[in-house]
Amino acid sequence: MSIAEKKRKGKLEEKKKSILWQTALYDASMQNGDLRVTWNPLKVIDEIVYTFHASFGFHLRSVRLVGIELSDLPAEFCTQLPRLELLAIENNFLTSLPDTLSTLTCLRELSLVNNKLESLPDRIGYLCSLQKITLNNNCLKALPATFGALNNIERLDLECIHRSV
């Protein structure tokens, strides 16, 4: 395959990913702000997600990113989506979360199942609305001291927490 063909293929892949994100955001606008992107190897969150409020006139309520091969959650994800009530990032490759996660004070449910998380942000206790947190199948070594400040927790799932090899 020539260099020009490789470039065209790369541009085509980027275009496909962009269309997928745009379609998912349109679907979210029809589903009262529930964004779902599943089982597509996108690897990154497109910045178009941050423009949802400006484009549709209301905020995303929930984001479900399942099996998209995400290895990093950008800090601006949390600061740009302040009204999230549910965040599910499952079956990905996250090893850590940004400190800005603590800005999601409306978050009621957090599911991080089947990642490679080794730690949680120190300020996770600032998530004052959090009622359910699911951390199954990760590599957590300890919980931060502020975890005890999560006074509204009704359900905590920590099954199969193990150290990475």
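**Legends to views of a predicted model**

**View 1. Overall dimensions of the predicted protein.** The protein has 165 residues, for which a compact globule would have a radius of gyration near 15 Å, and its own value of 17 Å agrees with this (taken over C-alpha atoms, the globule rule being 2.2 Å times the number of residues to the power 0.38). The C-alpha trace spans about 55 × 45 × 20 Å along the principal axes of the protein. This is a predicted model, in which local features need pLDDT of at least 70 and side-chain atom pairs count only at pLDDT 80 or more, while totals for chains, interfaces and linings use all residues. Residues are numbered from 1 along each chain as its sequence is written, and side-chain values use heavy atoms, with hydrogens and water left out.

**View 2. Order of helices and strands.** The protein contains three helices and six strands (DSSP runs, H or I of at least four residues for helices and E of at least two for strands, numbered from the N terminus). Read from the N terminus, these elements follow the order α-β-α-β-α-β-β-β-β.

View 3. Valine 37 lies in strand β1, which covers residues 34-38, and is buried, with a relative accessible area of 2% (buried means under 20%, with a 1.4 Å probe and protein chains only). Leaving aside residues up to four places away in sequence, valine 37 touches Leu20, Trp21, Ala24, Leu42, Arg64, Leu65, Val66 and Ile68 (contact means heavy atoms within 4.5 Å). Although valine 37 and isoleucine 68 are 31 residues apart along the chain, their C-alpha atoms are separated by 7.5 Å.

Terms used:
Buried < 20%, exposed > 50% of the residue type's maximum accessible area, 1.4 Å probe, protein only.
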